[in-house]
Amino acid sequence: MPERHRVLVAEPLGAAGADRLRSDPDVDAVFAEGQSRAELLESVRDAAALIVRSGTRVDAELIAAGSGLRVIGRAGVGVDNIDLAAAAERGVAVVNTPEANMLAAAEHAFALMLATARRVTDAHNSLAAGKWDRKQYVGVQLAGATLGLVGFGRIGRAVGHRALAFEMAVLTTDPYIPAEVATEHGARMVELPELLAESDFVSLHAVAQEDGAALLDEVALAAIKPGAIVVNAARGSLIDPAAARDALDDGRLAGLGLDVYDQEPPPPDHPLIGHPRVVHTPHLGASTGAAQRDVSVQVVAKVLAALRGEPVETVPLPL
């Protein structure tokens, strides 16, 4: 008889992936969306696999509680919420879906850039209130401007390709990507200070820093090109919200497009929520029907392959 595997799904999973789990005769699928931390620690005890998104903290405690865990599946790209070292120590494979929501995330970053540059939210709200004030909402043109991409992985490159179609010049900085790769994709590799000083738009596509410090802190924002627009659809911790608000208030930043926050959901007194120069969305980067379908199907396929002992690409330990 084939071995049966208990797969614990801790967060919402697309219908296509959930149906694939339910239909597998060798899987007992347990959908534990909304469980408390204590409940999750109990539920994971007899699970062979755990599937999460970005909202579950898969730390050493949770991994240890799952004494039978063989694989952790991250339905998405980033694995900041998973203790990779603790997983490796216990022989637990970690898989993710780095390509499934790439286009959705890139498109959303570009949408935020356009909406911020053209003040779409403010103009919409004004017209919805019965006003017709065209002079109040003069925007910024993308053609001829310079876009600085902080991080040049799959999503950063996809944003860069779209920027080239808008006739923008593209700079990038990424310590893990050779300069010739940037050149091949139509971008010029520079150091972060040069990127900040020269870019009219800055889009963040980097992972969180190991110490949790902001990449765009008070010092970095003081050196940014006056009147720049910043977009963050990567990690909330990359921007110091108080420093960003100061930069918006004194005009160093012309606008900010945000999809991610240092705390999610952000508290009511978050320095950037409701600011007139900020366009914000509630972590919607991967929220398209196509992306949700592909993420769910791909993570389930990888988890099941790992449980069957088949070759599967895993997330490597950080250097």
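**Entry 1: a helix pair**

I looked up how helix 1 and helix 12 run, and they are roughly parallel to each other, a term that covers angles under 35 degrees, whereas over 145 counts as roughly antiparallel, 65 to 115 as roughly perpendicular and the rest as oblique. The angle between helix 1 (residues 15-23) and helix 12 (residues 289-307) is about 30°, and their axes lie 6 Å apart. Axes here are lines fitted to C-alpha atoms, for helices over the stretch in contact, and angles run from 0 to 180 degrees between N-to-C directions. Helices (H or I, at least four residues) and strands (E, at least two) are DSSP runs numbered from the N terminus.

Before going on I noted that this is a predicted model, in which local features need pLDDT of at least 70 and side-chain atom pairs count only at pLDDT 80 or more, while totals for chains, interfaces and linings use all residues. Residues are numbered from 1 along each chain as its sequence is written, and side-chain values use heavy atoms, with hydrogens and water left out.

Which residues of helix 1 and helix 12 meet? From helix 1 I listed Ala16, Gly17, Arg20 and Leu21, and from helix 12 Arg293, Ser296, Val297, Val300 and Leu304, contact meaning heavy atoms within 4.5 Å. By class, this contact has 5 nonpolar, 2 polar and 2 charged residues, where Ala, Val, Leu, Ile, Met, Phe, Trp, Tyr, Cys and Pro count as nonpolar, Asp, Glu, Lys and Arg as charged, and the others, Gly among them, as polar.

Also in helix 1 is aspartate 19, which counts as partly exposed because its relative accessibility is 45%. Buried means under 20% relative accessible area, exposed over 50%, and partly exposed in between (1.4 Å probe, protein chains only). Between aspartate 19 and valine 260, 241 residues apart along the chain, the C-alpha separation is 29 Å.

**Entry 2: the whole chain**

I counted 12 helices and 12 strands in the protein chain. For 319 residues a compact globule would have a radius of gyration near 20 Å, and the 21 Å of the protein chain agrees with that; the radius is taken over C-alpha atoms, and the globule rule is 2.2 Å times the number of residues to the power 0.38. Along the principal axes, the C-alpha atoms fill a box of roughly 70 × 50 × 35 Å. Of the 319 residues, 47% count as buried. Among contacts with a separation of 6 or more, 59% are between residues 24 or more positions apart.

Is threonine 97 buried or exposed? Threonine 97 is buried, because its relative accessible area is 0%, and its place is in the loop between strand 5 (93-96) and helix 5. Leaving aside neighbours within four places in sequence, I found threonine 97 in contact with Arg74, Ala75, Gly76, Val77, Val295, Gln298 and Val299.

Beyond its neighbours within four places in sequence, alanine 65 is in contact with Leu41, Val44 and Arg45.

**Entry 3: loops and backbone**

Where does the cis peptide bond with omega of about -5° lie? It joins glutamate 264 and proline 265, and proline 265 lies in the loop between strand 11 (253-258) and strand 12 (278-280).

I then looked up positive phi values in residues other than glycine. Arginine 119 has a phi of about 55°, sits in the loop between helix 5 (102-117) and helix 6 (120-128), and counts as partly exposed at 29% relative accessibility. Glutamate 167 has a phi near 65°, lies in the loop between helix 7 (154-165) and strand 7 (169-173), and counts as exposed at 62%.

Last, I checked arginine 252, in the loop between helix 11 (241-249) and strand 11, which is partly exposed at 23% relative accessibility. Its contacts outside four places in sequence include Glu218, Leu221, Asp246 and Ala247, and its C-alpha atom is separated by 7.8 Å from that of leucine 221, 31 residues apart along the chain.
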